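I want to look up charges, strands and contacts, one entry at a time.

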Amino acid sequence: MNKFKLVSILSMVLFVPFFVVQSFAQKSVDLKYVLNKGDVYSYVMEIDQDIVFEANGQTMALDMLIIFENSTKVAGVTPDSINLESTIERVKMIQGIFGMQITYDSDDPATEQNPMAAKIAESMGMIIGKSYTQVMDDRGGIIRMDMGNLSDNDDFVDNLNSGTQFAIYPDHKIKIGDSWEEDISPVEESDMKIHAKYTLLKLTGKQATIQFDGTISANTMQDMDLKLNGTQTGEMIVDTKSGWLIESNVDQEIEMDLEQNGQKFPATISGTIKTTSNKK
């Protein structure tokens, strides 16, 4: 396995879920998405991670900042479903590895002059400007997905766009201090599982703050044996009217052992995921 492919596989693991919920300033609340056809939301995700992994008997360190900018349109709303159409508008990646820094920005073609940045551009270039659709119910359960042209791209893209920014809401009213739990499978062709626990912390004006605690586990991913265990902790601030995310900050710690072609590649991943979104 070459080093670039290994880094790409490690990057896949970074996009595990961070979830959004909604609430109302009452003693008890019923959580659900309240979206309108034609609404458009911007969505920015910043992933700042430090990765330490072993390959070919060497220990290597990779620090990575990835910024994704998406636009999501509410294409349709029925009593049973919400249809969302999302477009990936920009990707920026800054990597520090092998004693050098690599910068790729889809808005700046000059960054592709670096050979390793050009390899990143080759992969990311296939997703810029591409759209995909998600159909969910008003509790956040995914009914179906259509990746469109993205379905022909690599597994990294499949993982990125798995709809994991949406929580599965409880089917009953809750109040401040109440918690609920869900088991989620975020990645296709993998047994990766997220056990998520949410707690409603507070309601202030038109915003709600949610505590999130998650445990991550996996044994396989695509054609690889992958032992993965980790945790996520953080808070989300959401708009109580629409249920849409305003801001989230999540810390994560992951340990993994990847095995392929008889070789093992242990790694640790730590860092933060910050997400911001607003209605255009």
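Entry 1: I started with K280, which counts as exposed at 57% relative accessibility. My cut-offs: buried means under 20% relative accessible area, exposed over 50%, and partly exposed is in between, with a 1.4 Å probe and protein chains only. The areas themselves come from the Shrake-Rupley method with a 1.4 Å probe, and for residues only the protein chains shown count as cover. K280 forms a salt bridge with E89, and the closest N and O atoms are 3.8 Å apart. I call it a salt bridge when a side-chain nitrogen of Lys or Arg is within 4 Å of a carboxyl oxygen of Asp or Glu. This pair links distant parts of the chain: K280 is in the segment after strand 12, E89 is in strand 3 (residues 82-97), and they are 191 residues apart. E89 counts as partly exposed, at 38% relative accessibility.

**Entry 2: What I am looking at.** I noted that this is a predicted model, where local features need pLDDT of at least 70 and side-chain atom pairs count only at pLDDT 80 or more, while totals for chains, interfaces and linings use all residues. Residues are numbered from 1 along each chain as its sequence is written, and side-chain values use heavy atoms, with hydrogens and water left out. Helices (H or I, at least four residues) and strands (E, at least two) are DSSP runs, numbered from the N terminus.

Entry 3: How many salt bridges does the rule give? I get six. Side chains of opposite charge can pair when their charged atoms come close. I looked up D39 next, and its side chain meets that of K279 in a salt bridge (3.4 Å, N to O). D39 lies in the loop between helix 1 (3-12) and strand 1, and K279 lies in strand 12, so the pair ties together parts that are 240 residues apart in sequence. Is D39 buried or exposed? I wrote down buried, at 10% relative accessibility. K279 is partly exposed, with a relative accessible area of 48%.

Then I checked D105 and R90, whose side chains meet at 2.7 Å, N to O, in a salt bridge. D105 is in strand 4 (residues 100-105) and R90 is in strand 3, 15 residues apart. D105 counts as buried, at 8% relative accessibility. I also found that E69, R90, D105 and D107 are linked in a network of salt bridges.

**Entry 4: Strand 1 and its neighbours.** Two strands pair if DSSP finds at least two bridges between them. Strand 1 (residues 40-55) and strand 2 (residues 58-77) run antiparallel and are joined by 16 bridges. I picked V40 and found its bridge partner in strand 2, K73. The hairpin of these strands has two residues between them, and N56 takes a positive phi near 55 degrees.

Strand 1 also runs antiparallel to strand 12 (residues 263-279), with 13 bridges joining them. Here Y41 stands opposite K279 in strand 12. Q49 has G271 as its bridge partner in strand 12.

Entry 5: Strand 3 and strand 4 run antiparallel, joined by six bridges. I97 stands opposite M100 in strand 4. Their hairpin has two residues between the strands, and F98 in the turn has a positive phi of about 55 degrees.

Strand 11 and strand 12 are antiparallel too, with 14 bridges. Their hairpin also has two residues between the strands, and N261 in the turn has a positive phi of about 55 degrees.

**Entry 6: A negative patch.** Which residues gather in the patch of negative charge on the surface? I listed D225, D251, E253, E255, D257 and E259. Asp and Glu count as negative, Lys and Arg as positive, and His and the chain ends are not counted. Patch residues have over 30% relative accessible area and no salt bridge; like charges are joined within 9 Å, and nonpolar side chains (Val, Leu, Ile, Met, Phe, Trp, Tyr) within 5 Å. Each charge is placed at NZ of Lys, CZ of Arg, CG of Asp or CD of Glu. Strand 11 (residues 245-260) gives the most to the patch, with five residues.

I took E259 as my example; I found this residue in strand 11. E259 is partly exposed, with a relative accessible area of 32%. Its bridge partner in strand 12 is K264.

**Entry 7: A buried leucine.** L228 lies in strand 10 (residues 224-239). L228 is buried, with a relative accessible area of 1%. L228 and M192 are 36 residues apart in sequence and 8.3 Å apart in space, C-alpha to C-alpha.
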